[in-house]
Every structure is written in C-alpha cells, then in structure tokens.
Amino acid sequence: MTTLALTINGRAYGPTEIRDDLSMNDFLREVLGLTGTKFGCGAAQCLACAVIVDREDGTSYTNPTCIVAAANFNGKTIRTVEGHAQNGELTALQKGFIEHFSFQCGYCTPGFLNESQVLLERLAKTKVARADLEKTIAEALDGHLCRCTGYVKYHQAVRDVVLADPDRYLA
Amino acid sequence: MRSGWRPFVLVLLSALASGATVAVAAFAASGTATNSLAPVESFASIADPAKRSAAYFTELGKVLTNPRCTNCHPAGDRPRQGDDAHLHQPPVFRGVDGMGLPSMRCSTCHQAANFDPGRVPGHTVWHLAPIEMAWEGKTVSQICAQIKDPARNGGRSLDDLIDHIGKDTLVGWAWAPGVGRTPAPGTQAEAGALVEAWVKSGAACP
Ligand code: FES
Ligand code: FES
C-alpha cells in the first residue's frame with residue numbers, strides 16, 4: 001500500500017491509501033468515479049486515457065493513465081475532461097469539437113480535448129506563425145487514435161479556435 | 001527464442017573467425033549456460049593474458065548482446081522492446097537528448113520504477129543510449145572495439161566502464177526488468193567483475 005494525495009481539477013484528493021499496483025486509470029474511474037477519462041488500448045497506444053499534468057512552472061503536458069501507477073501522480077496537479085467546462089459553460093475548444101462533429105462515439109475525445117487544451121495554452125505563451133499552424137496542430141495531436149471520424153475534424157476544430165483569436169495565439 | 005541462442009551464435013562466429021579464439025570461445029560456451037556468467041576465477045587456466053582478457057570480454061558479450069541491453073542501444077532512432085527485440089510500440093523516437101520527442105518523452109510512460117500491471121519498465125533516467133553507442137546488430141568483437149573508444153562510449157575511461165556496467169542503476173535494470181522480460185545473464189556484480197578483470201588484464205578484444 002502507498003499513500004496518494006493529488007489535486008484534480010482544482011480539488012484536493014487524499015491523502016488516501018492505495019494499492020501499489022493500482023493504475024491511475026483505475027484510480028480515476030473506479031475509486032473516484034471520474035469516468036470521463038477512458039480506457040482504450042491499455043498499452044499507451046491510443047491516448048484515450050491521457051490527462052493533463054500541470055507543472056509548477058505553469059507549463060503542462062499530457063500523460064497516459066492506463067499504464068502508469070496512480071502512486072506516480074502523488075503530489076501532482078492534474079486536469080481531466082471533467083475539469084474543462086466551468087459552471088456548465090463549455091470551452092471554446094469543446095464548442096469547436098461539437099460544431100465540427102469532431103467525434104462520433106466520443107471515446108477518444110477526452111484525450112484529444114486534453115491534448116488540444118495543452119496546445120492552446122502553449123500557443124498562448126509561445127505564439128506560432130500562421131504558416132506553421134497546421135504542422136503544429138498535427139504534431140500536437142499525433143499519437144491520439146480515433147476509429148470513428150478520423151482526425152481532420154479535430155484538426156479543423158483546433159485550427160478554428162486558434163484563428164478566432166489570432167492576437168492570442170499567432171505570431 | 002532469439003535471446004537464448006544469440007550469444008551462442010556470436011561465440012560460435014568468433015570461434016570460426018580465428019584459431020586462437022577457438023579455445024577461448026569454447027571455454028565460454030561450454031563453461032556456463034546462456035543465462036549465467038562464468039566467474040572471473042574460472043578463467044585462470046588461460047595462461048596468455050591477452051587470450052584471458054579476450055575471454056573475459058567474450059563472456060561479458062552475453063550481457064552486451066542481450067536484448068535487455070541492445071533494445072536501448074539501437075542502431076536507429078527507435079528503441080526496441082521485448083525478448084524478441086521488436087520495434088517499440090507505441091512508435092517513439094530518440095529525440096535530441098535520447099529521451100524522446102517533445103510530445104512523447106520516455107518519462108511520459110516510463111516512471112521511476114517498473115510498473116508490472118501495465119508491463120512498463122521504469123527508472124528515474126530512462127533513456128536511449130546515444131547513437132554512437134549503438135550495439136544492435138554488432139558482434140562482440142565490434143562492441144569491444146567500440147566500448148574502448150571514448151568517442152563511442154560516452155567519453156568513459158576503461159576504469160569508468162567498470163563502474164558503469166558494474167554499478168550504474170539504469171544498467172542494473174537489465175537484471176531486474178520486471179514481468180515478461182528475461183533478465184540479462186548472471187548478475188550485475190558478476191558482469192562488473194568481468195569488466196574489471198578484462199580492464200586489468202589489458203582490455204584485449206576477442
Ligand atoms: S488506454 Fe491508455 S493509451 Fe490507450
Ligand atoms: S470518436 Fe470514436 S474513437 Fe474517436
């Protein structure tokens with residue numbers, strides 16, 4: 001057994017005792033009931049299970065949860081798909097995904113949403129030239145698998161959010 | 001499986017390469033099983049220091065050509081995994097610092113320790129060996145020449161190699177690789193002792 005305390009979507013959880021072999025995905029879904037984070041391949045292949053990890057320096061990255069022990073998230077601050085909308089108001093990204101019909105079954109969506117959110121926050125800090133935008137989005141979303149709608153509509157949604165606020169994201 | 005017969009084939013090839021090597025190689029091949037290492041003392045009967053030194057390295061070659069080592073000393077920009085040394089899935093790449101691309105760092109999945117339920121090995125500094133230290137596909141003789149060359153061994157002296165192979169904890173992972181992976185032959189201490197004996201006997205190559 002090991003002790004786990006972390007912050008999820010701005011709320012402190014723990015300290016709580018967990019099994020050493022409990023995966024982060026099982027902790028979120030089975031222990032906390034946060035089932036927005038999905039379990040797809042279970043092998044770090046699809047990134048449906050990816051959550052956002054916020055570093056102390058203000059930067060963030062995504063991390064799969066299926067093959068990583070919950071104990072490795074001790075002391076960390078993370079965000080899951082449940083943490084994006086505030087007071088029932090969807091983010092520009094979430095609205096973009098809906099407007100573009102980016103998802104069908106939605107299984108991959110939490111991963112794409114988290115990855116795209118990290119990208120937007122990165123671009124807000126380090127702007128990118130319009131000419132490099134397509135490549136930047138493609139590279140950011142690379143690795144996330146979708147078996148329903150393909151990838152174009154996710155890409156278009158992210159692009160539209162960026163182009164709707166060029167002063168914020170574009171150099 | 002490949003990990004089992006590969007060292008034997010290498011020993012056999014080196015035996016065919018020169019008559020002088022035959023006695024040495026035969027010793028190593030018959031002296032120990034492929035999953036263990038011959039103790040340093042067992043080489044005492046080889047009187048010629050150069051031949052004895054080369055024999056130490058041939059024995060060490062069982063470790064250096066083992067998938068636990070070559071998978072992360074790949075010849076290309078992608079690591080391999082498993083006892084069958086298949087290309088790493090998901091498809092990850094070396095990156096400028098050997099720790100992955102910016103969007104997919106090694107530490108994204110490889111945490112501080114093995115996580116057996118997810119079958120993911122771990123260490124605090126999990127990363128690929130630099131490309132100049134690639135061992136994949138090389139013979140024990142080629143690796144020997146390479147490992148002595150500071151330009152291709154991470155700038156290490158021969159003495160540094162004793163500690164690197166005998167004590168470095170990332171190297172040591174090869175003997176505690178977690179479920180589903182066959183450990184490197186012998187123990188890390190035995191491998192370190194072979195390196196030390198090899199260095200002190202002149203660091204001759206097979
Ligand atoms: S479920 Fe974690 S990467 Fe697919
Ligand atoms: S919407 Fe079904 S997998 Fe992406």
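This note goes through a predicted model point by point, from chain B to one helix of chain A.

1. Basis. Residues are numbered from 1 along each chain as its sequence is written, and chains are lettered from A, with ligands numbered from 1, in the order in which they are written. Because the model is predicted, local features need pLDDT of at least 70 and side-chain atom pairs count only at pLDDT 80 or more, while totals for chains, interfaces and linings use all residues; side-chain values use heavy atoms, with hydrogens and water left out.

2. Make-up of chain B. Chain B has 9 helices and 4 strands, in the order α-α-α-α-β-β-β-β-α-α-α-α-α along the sequence. Helices (H or I, at least four residues) and strands (E, at least two) are DSSP runs, numbered from the N terminus.

3. Of the 206 residues in chain B, 48% are buried (under 20% relative accessible area; exposed is over 50% and partly exposed in between, with a 1.4 Å probe and protein chains only). Among contacts (heavy atoms within 4.5 Å) with a separation of 6 or more in chain B, 58% join residues 24 or more positions apart.

4. The largest nonpolar core. A nonpolar core is a set of buried Ala, Val, Leu, Ile, Met, Phe, Trp, Tyr and Cys residues joined through side-chain atoms within 4.5 Å. The largest one has 29 residues, and F57(B), L60(B), L64(B), I147(B), V195(B) and W198(B) have the most contacts inside it. Two or more residues each come from α3 (49–64), α6 (140–147), α7 (158–167) and α9 (188–200) of chain B. Apart from neighbours within four places in sequence, V195(B) is in contact with L60(B), L161(B), I162(B) and I165(B). In soluble globular proteins, nonpolar side chains tend to be buried together.

5. Helix α4 of chain A. Residues 130–141 form this helix of 12 residues, which reaches 17 Å from first C-alpha to last, close to the expected 16 Å (1.5 Å times one less than the number of residues). Its buried residues are L133(A), T136(A), I137(A), A140(A) and L141(A). Seen down the axis of α4(A), they fall within an arc of 110 degrees (taken from the directions from the axis to the C-beta atoms), so they line one face of the helix.

6. Surroundings of α4(A). The buried residues of α4(A) pack against α3 (109–125) and α5 (152–163) of chain A. A131(A) and K135(A), on the other side, are exposed. G143(A) follows the helix and has a positive phi, near 100 degrees.
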